[in-house]
Amino acid sequence: MAVPNPHADPSPVAPAPPPDAGWRRARLAPSLSEVHRSVEVHGATWFRKMVAFAGPGYLVAVGYMDPGNWATDLAGGSRFGYTLLSVILLSNLMAVLLQGLASKLGIVTGRDLAQACRDHYPPRVAFALWVLCELAIAACDLAEVIGTAIALNLLFSIPLPWGIAITALDVMIVLWLQNHGFRMLEALVIALVAVVGGCFLFELVISRPDLGAVARGFVPTTEIVRNPEMLYIAIGILGATVMPHNLYLHSSIVQTRKYAENAEGKREAVRFAFLDSTIALTFALFINAAILIVAAATFHTTGNTQVAEIQDAYQLLTPLLGVTGASAVFALALLASGQNSTLTGTLAGQIVMEGFLNLRIRPWLRRLITRAIAIVPAAIVAILYGESGTAKLLVFSQVVLSLQLSFAVFPLVRFTSDRVKMGEFVNSTPLRIGAYTVAGVIASLNAWLLVQTVGEWLA
């Protein structure tokens, strides 16, 4: 699938729109006001500017490698080998397109996606979209909390309820880092992404995958459509990849850069933001593909085709690979992934509440509320039902995410395709068609996945 450049400039002579042109309401406050335009990006060379703009893309990429994606990648690799690598690649291309549109919306309009929805739709519609978004963030947070708790249990034998409680500490971590500058938070996230990448590079080396089969796996095959079981997992991979909170997050944090607020400055910011997110999402592609490749090389080739649970993969890695520490490295990657996702998830929660409601409460209180919404149900299920219950809760969280995704994607495509709002940065006709096509495909696949999942529960 060829992805058009989301920053194509179809009419370079068009004037830039006034700040509130095309909006029902004026913007009330900048997004994340405590760090808005706090990062200088002026540099003498192209490379220095690229480094200055780098960072937001990695916070976004975290959502594409969170614990919610691990189960589908493990199941796909163990059951079908390398075949579904093409689905991971397709999902990543869709993500590059949508995240590019999100960054462009934030830079050009000075609004994050939540603020844009509030300023465009009638109050009742905006309120409904806020409720749906809060449910999605809580569901995503739930997956991250459970993933972190599982990793703590595997590494240190900490009981799941205590591990879930420990994840609340990220509230203080985010607050402390943000008080020391947004770049500190970005540095921690990038460091944790590097830990996850290093762990899976190690797993790839010791699992010794068939490189020829890996290369063939990135080529789409009709077998994916013809095999119902394969199609089901493929849709799960697609459905769990693009996270709605990432679109709100990206449209906000790109505004932490202090670019010139004229057409030339915005054009440069859009270009560097797209480069940043594309590079970061390439790392996410590597990690997601690595999870599937390790599962295929370790489980599928040895006949263990039913491995889908994180705990099962942890128990089998060391004995099957014959390398001491293989399971521990896997769990370390899960811990880094889960903690990274909780950091960005709580930040997204603040952006959504402030953007939709213009309700400005202390960041630590907002994050504490977001974390409590995820921790309470996770803790109750862990105490009552143990590991099997948390695994089912993880699946349920992905179903909730699939329900909400279209309510973020379609407004994003609509806003960036509106010439009055975007001026010379409006989506070109090919890009508009491609974006709506991607939005329709994601909505259809998520709806199909939801129907199948509910059908299984009722059977």
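**From fold to core**

In this predicted model, the protein chain is built with 20 helices and 2 strands. Of its 459 residues, 58% count as buried. If you look at contacts between residues at least 6 apart in sequence, 85% of them join residues at least 24 apart.

Now step inside. The largest nonpolar core contains 133 residues, and those with the most contacts within it are L84, L113, F200, I253, F330, L347 and F356. Helix 14, spanning residues 263–298, gives this core its largest share, 19 residues. Another core lies apart from it and has 6 residues, among them A136, A139, M243 and L401.

Leaving aside residues up to four places away in sequence, F200 touches W70, I287, A290, I291, V294, F330 and A333. One of these partners, F330, is also listed with F200 among the residues with the most contacts inside the largest core.

The largest cavity has a volume of about 40 Å³. Its lining is made up of F53, P56, V254, R257, A273 and D276. Sorted by class, that lining has 4 nonpolar and 2 charged residues, with no polar ones.

Methods
Residues are numbered from 1 along each chain as its sequence is written. This is a predicted model: local features need pLDDT of at least 70, side-chain atom pairs count only at pLDDT 80 or more; totals for chains, interfaces and linings use all residues. Side-chain values use heavy atoms; hydrogens and water are left out. On a 1 Å grid over the protein atoms alone, a cavity is a set of points where a 1.4 Å probe fits but cannot get out, and a pocket is an open set with protein on both sides within 12 Å along at least five of seven lines; lining residues have an atom within 4 Å of a point. Grid points are joined across faces, edges and corners, and a volume is the space filled by probe spheres set on the points. Ala, Val, Leu, Ile, Met, Phe, Trp, Tyr, Cys and Pro count as nonpolar, Asp, Glu, Lys and Arg as charged, and the others, Gly among them, as polar. Helices (H or I, at least four residues) and strands (E, at least two) are DSSP runs, numbered from the N terminus. Buried means under 20% relative accessible area, exposed over 50%, partly exposed in between (1.4 Å probe, protein chains only). Contact means heavy atoms within 4.5 Å. A nonpolar core is a set of buried Ala, Val, Leu, Ile, Met, Phe, Trp, Tyr and Cys residues joined through side-chain atoms within 4.5 Å.
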